[in-house]
Amino acid sequence: MKNKLRKSLLDNEITLGAWMQIGHCGIAEVFARAGFDWVCVDLEHGAIDLETMTDIFRTLDAFDCVPVARLPLNDPVWIHRSLDAGARGLIIPMVNSAQEADAAVTEAKYPPRGRRGYGYSRANMHGMDFESYIQSANDEIAMIMQIEHKDAIANLEEIVKVDGVDGLFIGPLDLSGSMGITGQMQHPDMVAALARYRKVAENAGLSYGMHIVRPDEQNIKSNVADGYTMIALGLDNVFIDESSKAALNAVGRKRD
């Protein structure tokens, strides 16, 4: 298997990714050169369009870094077009049931598992690698379901049984919102929901992930100790914000 993200998910090994909301290839180059295992283009909350995402994937091809897309919704068109653009991993948002997880996997896989359409695309080098791509794609593309609603927490045992689900990724803020406790990460109900998320995934032998938006040594170690293996560190705009403030603070230009 060439896709080191999917291999790490299946082997329950730690993999570290970066998260992009600013649509510029230079940021992808910096992340990939820094050594992240994968870079996720955020199509849900960023302003990145399909063409810009494709250029970012082209950039990542120059590095040993897996291109991943977090889709704006669980939608066949976005699944097909992101994969054809060269995504080798998909994070499917707001998956709340086994039926929704199965629908995403079905759209991402070629027959007989799924119903992804065949066609020349950037993913198969515009047809030049067509045969080899369609033969390997089902085994090479990582499918990650994002758990970010109380209904998903309730249905976890069924979601993890879906054939083709390679890992889970928590969306804690939306999850807390669905529970009526937005942003209260230490609320007992939220703590219990996260514990259930980890426990069900562990029992199923499935990797589970977390996005640490403002990473530091302590919270990285804490999440690793909790068993998270697919870990996104930071965010392009957060890195720029924090580094900019730190530089200005160093010369006494402190702002709120």
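Let me begin with the word buried, which here means under 20% relative accessible area, with exposed meaning over 50% and partly exposed lying in between, for a 1.4 Å probe and protein chains only. By that definition both Y110 and Y133 are buried, and I will come back to that pair in a moment.

What we have is a predicted model, in which local features need pLDDT of at least 70 and side-chain atom pairs count only at pLDDT 80 or more, while totals for chains, interfaces and linings use all residues. Residues are numbered from 1 along each chain as its sequence is written, and side-chain values use heavy atoms, with hydrogens and water left out.

On annotation, UniProt lists residues 19-237, in an unreviewed entry, as "domain: HpcH/HpaI aldolase/citrate lyase"; such positions are given in the numbering used here, feature names are shortened, and annotations may be inferred rather than shown by experiment. Over residues 19-237 the chain is 44% helix and 16% strand, and the end C-alpha atoms are 9 Å apart. Helices (H or I, at least four residues) and strands (E, at least two) are DSSP runs, numbered from the N terminus.

Now to the aromatic residues. A pair of aromatic rings is described by the distance of the centres and the angle of the planes. Rings of Phe, Tyr and Trp (for Trp, its six-membered ring) pair if their centres lie within 6.5 Å, and planes under 30 degrees apart count as stacked, over 60 as edge-to-face and the rest as tilted. By this rule the count comes to 9 aromatic pairs. One of them is F31 with F36, which is edge-to-face because the ring centres are 5.5 Å apart and the planes stand at 90 degrees. Y110 and Y133 also form an edge-to-face pair, at 6.4 Å centre to centre and with 90 degrees between the planes. Y110 lies in the loop between α5 (98-108) and α6 (130-140), and Y133 in helix α6, so this pair ties together parts that are 23 residues apart in sequence. Returning to the phenylalanines, F31 counts as buried at 6% relative accessibility, F36 is buried with a relative accessible area of 15%, and F31, F36 and F239 form one aromatic cluster.

Next, which side chains does R70 reach through polar contacts? R70 lies in strand β3 (residues 66-70) and, at 6% relative accessibility, counts as buried. Its side chain is joined to that of D42 by a polar contact of 3.1 Å, and to that of E44 by one of 3.3 Å. A polar contact is a pair of N or O atoms within 3.5 Å; within protein, one must be able to donate a hydrogen and the other to accept it, and residues adjacent in sequence count only if both atoms are side-chain atoms. R70 and E44 are 26 residues apart in sequence, yet their C-alpha atoms are 6.7 Å apart in space. Leaving aside neighbours within four places in sequence, R70 is in contact (heavy atoms within 4.5 Å) with a set of residues including W19, C40, I91, P93 and Q146.

S82, in helix α4 (residues 76-85), is buried with a relative accessible area of 0%. Residues up to four places away not counted, S82 touches L43, M53, F57, A69, L71, A87 and L90.

Let me turn to strand β6 (residues 167-170), where both faces are covered, with G167 and F169 buried on one side and L168 and I170 buried on the other. In a regular strand the side chains alternate between the two faces of the sheet. Two strands pair if DSSP finds at least two bridges between them. Strand β5 (residues 142-147) pairs with β6 in the parallel sense over 4 bridges, and M145 stands opposite L168 in β6. Strand β7 (residues 207-212) also runs parallel to β6, joined by 3 bridges, and here G167 stands opposite S207.

Finally, how many disulfides are there? With a disulfide taken as a pair of cysteine sulfur atoms within 2.5 Å, the count comes to 0. C25 is in no disulfide, and the nearest cysteine sulfur, that of C65, is 13 Å away. For C65 the closest cysteine sulfur is in C40, at 11 Å, too far for a bond. C25 is partly exposed, with a relative accessible area of 25%, whereas C65, at 3% relative accessibility, counts as buried.
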